[in-house]
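Visitor: I'm new to this structure and would like a close look at a single part of it. Pick one spot, start there, and then show me what lies around it.

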Amino acid sequence: SGLLQEVGSVEQLSLHCAEGSLEWLYPTGALRLRLAPRLPPTTAAIKGRSPQHITACVKPSGTFRGAQLYLERGGVLELLLPEAPQPRVRCFSWLPQEKVALFLQATPHPDISRRIAAFRYELRGDWLARLALPAASLTSEGACRPCNDTEILMAICTSDFVIRGSIQSVSNDVELQESVIGVSTARIHRQKFPLFQTGGRLGQPTGSIRTPLHCGVKPGPGTFLFTGWLHFGEAWLSCAPRYRDFQRIYEGARRARQNPCEFPVD
């Protein structure tokens with residue numbers, strides 16, 4: 001609570017958890033949040049390498065008021081969330097040797113009551129933040145492009161979910177700049193959390209997967225292998241080749257003994 005701080009003071013805190021939330025009541029002064037996550041195993045760890053970069057994402061609550069959130073890197077502040085921001089996720093990356101922090105600064109108001117600056121965050125090493133659609137992946141530069149064979153093979157080994165299924169619907173949320181893909185599953189190969197549950201047509205598990213609106217995802221026929229990541233409790237797409245294309249890619253890698261993990265193909 002800002003009621004425990006002096007005006008103009010800066011409270012120093014460290015964020016060690018890989019994900020969590022922060023709620024600052026009656027903001028006064030500032031909070032400096034050092035990012036020092038104890039990261040879970042990553043794709044890089046599988047190959048015995050250190051993470052090439054760390055990615056963080058922040059998502060403001062719908063009642064974010066009374067402060068502005070900045071990224072502090074190399075002594076320079078970059079505005080991430082203004083006061084009363086749109087409910088959109090902001091992500092950024094840095095090298096493990098870099099020192100970065102979040103700087104949450106209260107904005108002056110004659111009446112600080114009813115003001116709460118709250119947000120959720122995720123910190124991950126080598127997190128594949130390329131959120132994608134059935135024919136493409138979103139690169140860190142923000143352009144949609146097809147996943148190559150290597151990315152597809154790694155995706156089935158490391159993703160939070162791997163689902164074989166078909167597209168039932170696509171809806172667009174202009175405010176959040178997201179497309180929501182309704183998926184009917186034929187087989188759940190892996191899901192770390194119950195994202196896809198029974199209740200659809202013929203008792204098949206169904207669920208929804210998100211992808212950026214600007215990628216222009218369209219509904220299409222056929223069976224896909226959907227892979228992706230859990231992002232603030234929601235499924236986001238990474239690579240999703242047509243299943244017959246995945247079978248061809250996987251069998252070729254298996255014959256060449258270049259498949260990074262075993263995967264059931266039928």
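Guide: Let's start with a group of rings: Tyr 243, Phe 246, Tyr 250 and Phe 263 are linked into a cluster by ring pairs. Rings of Phe, Tyr and Trp (its six-membered ring) pair if their centres lie within 6.5 Å; planes under 30 degrees apart count as stacked, over 60 as edge-to-face and the rest as tilted.

Before going on, keep in mind that this is a predicted model, where local features need pLDDT of at least 70 and side-chain atom pairs count only at pLDDT 80 or more, while totals for chains, interfaces and linings use all residues. Residues are numbered from 1 along each chain as its sequence is written, and side-chain values use heavy atoms, leaving out hydrogens and water.

By the ring rule, the count comes to seven aromatic pairs. One of them joins Phe 224 and Phe 226, a tilted pair with 5.7 Å centre to centre and 45° between the planes. Phe 224 and Phe 226 are both buried, where buried means under 20% relative accessible area, exposed over 50%, and partly exposed in between (1.4 Å probe, protein chains only). Since Phe 246 sits in helix α3 and Phe 263 in the segment after α3, the pair ties together parts that are 17 residues apart in sequence. Both Phe 246 and Phe 263 are buried.

Now for α3 itself. Helices (H or I, at least four residues) and strands (E, at least two) are DSSP runs, numbered from the N terminus. Helix α3 covers residues 243-255, and at 1.5 Å a residue its 13 residues should span 18 Å, which agrees with end C-alpha atoms that are 18 Å apart. The expected span is 1.5 Å times one less than the number of residues.

Which residues of α3 are buried? They are Tyr 243, Phe 246, Ile 249, Tyr 250 and Ala 253. These residues lie on the same side of α3 because they cover an arc of only 120° around the axis, going by the directions from the helix axis to the C-beta atoms. Over on the other side of α3, you'll find Arg 244, Arg 248 and Arg 255 exposed. The cover over the buried residues of α3 includes α2 (149-158), β12 (161-173) and β16 (224-231). Just past the end of α3, Arg 257 has a positive phi of about 55°.

Phe 232 is not a glycine, yet its phi is positive, near 55°. With a relative accessible area of 5%, Phe 232 is buried.

The other strand in the cover, β12, pairs with β13 (residues 178-191) in the antiparallel sense over 12 bridges; two strands pair if DSSP finds at least two bridges between them. The hairpin of β12 and β13 has four residues between the strands, and there Gln 177 takes a positive phi near 60°. Look across from Ser 169 and you meet its bridge partner in β13, Gly 182. Gly 182 in turn has Ser 208 as its bridge partner in β15. Strands β13 and β15 (residues 205-212) run antiparallel and are joined by seven bridges.

Among the elements of the chain, α3 has the highest mean pLDDT (94), while strand β10 (residues 137-138) has the lowest (32). For the chain, the mean is 80, and 81% of its residues reach 70 or more. Over residues 42-49 the pLDDT stays under 50, and the model gives that stretch eight contacts (heavy atoms within 4.5 Å) beyond four places in sequence. Residues 127-143 also have pLDDT below 50, with 65 contacts in the model beyond near neighbours in sequence. Where pLDDT is low, the predicted coordinates should not be read in detail.

Finally, step back: the chain has three helices and 17 strands, and 45% of its 266 residues count as buried.

Note on methods:
pLDDT = per-residue confidence, 0-100.
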